[in-house]
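Let's take a friendly walk through a protein chain, one spot at a time. Have the sequence and the 3D view open, and look up each residue as we come to it.

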Amino acid sequence: MKRIIYIIIFFLCYTAYSQSLSVFNVDASEFPTIKANFFAFDGSGNQIINFSNSDFSITENGQSRTVTNTSCPEPNPSLKVSIAMSIDVSGSMRGGLSGEIPVELGKTTSRELCKNIPMPPSEFALQTCNDQALIVQDFTTNRVLLLSKILPIIANGDNDFVEHLLNPLAGLLNIAKKGQYKRVAILYTDAWWFALGENELQACKDTCSKYNIQFYAVIYSRPEAEPNGIKKSLQLLADATGGFLYDGITSKIAAEDLANRIQAQAQGSGPCQIQWKSKASCISGITNVNIKLIPNKLIARFDYPSPNNSVAKLEFSPSSVKILNALPGVPRDINISIKAVNSYYNINNVTSSNPAFTITPYNFVLNSGQSTNLTIRFIPVDSGYTYTKFVFENDVCTANYFASGGFPGKKPKLQTLQLIQPNGGEVLAVGNDTVITWEGVIPEEKVKLEYSTNNGTDWLTIADSATGLSYNWKIPKTPSNQCLARVTTKLGYEYLGCDIGDVQICDQIWMGCNLDVDHYRNGDSIPEVRDSTQWSKLTTGAWCYYRNDPAMGKIYGKLYNWYAVNDSRGLAPVGWHISSVAEWSKLYACVGDEGGGKLKSTGTKSEGDGLWDFPNTGATNESGFSAIPGSLRYINGTFDYAGYLGMWWTSDEKDTDSANGFYLDCNFTALHNGAYYKEYGFSVRCVTD
């Protein structure tokens with residue numbers, strides 16, 4: 001059984017130093033029954049195991065839920081343990097998290113664990129490793145000595161996990177085998193390396209088996225980081241030894257809390273389990289949960305992916321409609337379908353914000369899973385852009401549907417697009433998150449969001465092509481009391497293939513954004529392939545969004561395999577072609593020294609003013625090329641490097657198996673090129689014919 005624990009989000013209310021409540025391994029597979037494991041520790045660091053259902057209160061998305069069962073394993077006498085700890089001190093442990101440094105989080109967990117486990121009789125050893133393993137302290141029962149050795153540890157250098165684990169003298173597993181009691185090896189890392197070879201992994205398993213070593217790995221990075229790299233090897237090693245892999249530790253609170261759980265599991269205690277009854281919700285995607293342990297005044301806040309059968313909604317096909325080129329005064333009818341999902345719906349009325357659009361029927365009943373057809377009628381008063389929002393009135397979940405019409409590029413007679421939030425008078429704190437919302441266009445319509453710090457004299461771009469009627473924005477470090485915000489759209493421009501606009505660099509005209517088409521030039525559809533196995537076997541054109549998430553596609557465009565790039569039906573829109581090696585080389589020569597920086601869009605994710613990971617070295621975007629880190633999809637169908645790399649195909653084939661591509665890196669100012677397997681998924685930039 002896979003023993004991986006994702007640390008989600010913890011909010012701990014302390015009444016004593018080590019008192020804590022942590023919830024993990026949420027299981028929603030038997031919805032509406034939800035199960036989760038938890039640890040609770042009192043002010044002395046002892047695990048609390050005696051609970052009744054009434055000791056807990058639970059809410060999901062603000063709605064109260066009923067606790068149906070709590071249980072804890074019988075307490076076991078604390079075992080004497082020999083724990084060999086290893087802190088990864090490679091260069092990547094110096095950064096990579098917003099506000100937290102991975103090596104410091106590793107030191108935090110190791111310190112807390114040393115404080116929690118009685119010494120003597122238990123004993124600890126400490127090792128560090130970058131590309132060389134070093135024994136910092138062999139097994140000792142002297143807590144003060146060990147803590148003094150942890151304090152000065154810093155990260156610097158390269159990685160070598162073979163050295164880390166298997167060095168004959170200083171490898172973690174070879175240190176652990178010398179322990180007197182139950183042997184536990186714990187590796188603190190950000191998991192930034194490639195997977196161990198088959199023979200190397202087997203050597204680790206053999207050592208653990210021979211000397212009865214239980215292996216734990218603690219990863220101080222987001223759960224999605226390097227899923228098929230060293231993380232996979234560490235997971236396999238933990239599984240083989242009865243240990244655990246803890247993933248997604250990104251805060252000091254989580255790092256401290258984790259020490260309690262490692263102590264309990266290493267010394268023989270297991271987690272408790274809580275079970276509650278959920279209900280269908282109107283909120284899709286993520287279910288936010290608050291669990292309160294009432295007697296101890298402890299709260300755990302976390303979320304879990306809402307299972308498909310937990311979300312009540314009205315599902316429309318298509319998701320919205322554009323009725324183009326309709327003649328003024330002439331009715332145009334469009335049929336759509338509506339389906340009730342996970343709930344009975346009684347639609348008692350459907351209203352339209354624009355009398356040019358009507359819908360029939362406007363009252364009907366749908367049982368869960370049932371669908372029916374509706375007819376939208378559009379009678380335009382002129383050829384300009386116009387829009388409506390249909391509101392489906394019911395007593396389950398609010399549902400809206402959007403339609404627009406007009407001739408592409410024709411401005412509306414009446415302005416419908418407007419900013420809803422912020423709308424004046426708000427005080428927005430630097431560094432905080434806020435949500436910008438707008439209305440007056442269909443959700444798929446791309447808009448430009450801007451703000452001004454000098455009452456509209458100058459405008460700074462927030463997003464060039466936001467969609468979905470809302471945008472999450474981290475307030476930048478530009479304090480002012482003369483701030484304004486605005487939303488604009490270039491109606492019809494999206495039909496030309498890119499909503500940012502063309503950019504001329506020397507004598508080349510490039511498309512201003514990554515390609516985002518789902519059909520070839522002749523009108524044939526390009527299949528979207530989500531399944532990893534199917535992707536890995538393709539020899540024909542396909543596209544996908546990064547991590548199959550349409551929200552990522554709105555930012556980065558689509559990822560294509562090279563078979564789509566090379567398809568004779570033409571991937572590029574009319575008037576454009578896929579850029580070649582020669583054209584990329586000419587582009588780089590044109591921008592000159594530090595050219596990669598001049599091509600990259602500015603800002604970083606950590607500062608809330610860009611898409612690149614820190615440090616986005618040398619980025620000025622002087623060329624206007626606005627390169628963004630669209631990442632890649634591997635041959636095996638997995639995804640990687642969002643925010644870290646931007647990868648683009650060229651039209652040039654290298655050999656039977658590979659084609660040429662270029663990439664930009666958040667750490668360098670150079671533009672790199674190379675040959676890559678045709679099954680990879682990269683972004684595409686086009687040049688005018």
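We start at Lys107, which is buried, with a relative accessible area of 4%. Here "buried" means under 20% relative accessible area, "exposed" means over 50%, and "partly exposed" is in between, using a 1.4 Å probe and protein chains only. Before going on, please note that this is a predicted model, in which local features need pLDDT of at least 70 and side-chain atom pairs count only at pLDDT 80 or more, while totals for chains, interfaces and linings use all residues. Residues are numbered from 1 along each chain as its sequence is written, and side-chain values use heavy atoms, with hydrogens and water left out.

Which side chain does Lys107 meet in a salt bridge? The partner is Glu104, with a distance of 3.3 Å from N to O. A salt bridge is counted when a side-chain nitrogen of Lys or Arg lies within 4 Å of a carboxyl oxygen of Asp or Glu. Lys107 and Glu104 both sit in helix α1 (residues 102-116), 3 residues apart, which is about one turn of the helix. Helices (H or I, at least four residues) and strands (E, at least two) are DSSP runs, numbered from the N terminus. While Lys107 is buried at 4%, Glu104 has 34% relative accessibility and counts as partly exposed.

Next, find Asp247 and Lys231, whose side chains form a salt bridge of 3.1 Å, N to O. Asp247 belongs to strand β11 (residues 245-247) and Lys231 to helix α6 (residues 230-241), so this pair ties together parts that are 16 residues apart in sequence. Are these two residues buried or exposed? Both Asp247 and Lys231 are buried.

Another salt bridge joins Lys586 and Asp507, with their closest N and O atoms 2.9 Å apart. This pair links distant parts of the chain: Lys586 is in helix α11 (residues 581-591), and Asp507 is in the loop between β31 (503-505) and β32 (508-510), 79 residues away. Lys586 counts as partly exposed at 41% relative accessibility, and Asp507 is exposed, with a relative accessible area of 56%. Salt bridges can also share partners, and in this way Lys448, Glu450 and Arg486 are joined into one network. The structure holds 18 salt bridges.

Now turn to Arg261, found in helix α7 (residues 252-266). Arg261 is buried, at 0% relative accessibility. Its side chain makes a polar contact of 3.2 Å with the side chain of Asp257. A polar contact is a pair of N or O atoms within 3.5 Å; within protein, one must be able to donate a hydrogen and the other to accept it, and residues adjacent in sequence count only if both atoms are side-chain atoms.

Let's look at empty space next. Rolling a probe the size of a water molecule over the atoms shows where empty space is left. On a 1 Å grid over the protein atoms alone, a cavity is a set of points where a 1.4 Å probe fits but cannot get out, whereas a pocket is an open set with protein on both sides within 12 Å along at least five of seven lines; lining residues have an atom within 4 Å of a point. The whole structure has 2 cavities of 30 Å³ or more, and the second largest cavity has a volume of about 60 Å³. Its lining includes Glu60, Asn61, Thr287, Tyr304 and Ser306.

The side chains of Thr287 and Ser306 are joined by a polar contact of 2.7 Å. Leaving aside neighbours within four places in sequence, Thr287 is in contact (heavy atoms within 4.5 Å) with Glu60, Asn61, Phe302, Asp303, Tyr304 and Ser306.

We finish at the second largest pocket, which holds about 870 Å³ of space. Of the 23 residues lining this pocket, the closest to its centre are Ser284, Lys313, Leu314, Phe316 and Asn400. Strands β15 (313-317) and β24 (399-406) each supply at least two residues of the lining.

How values were computed
Points joined across faces, edges and corners; volume = space filled by probe spheres on them.
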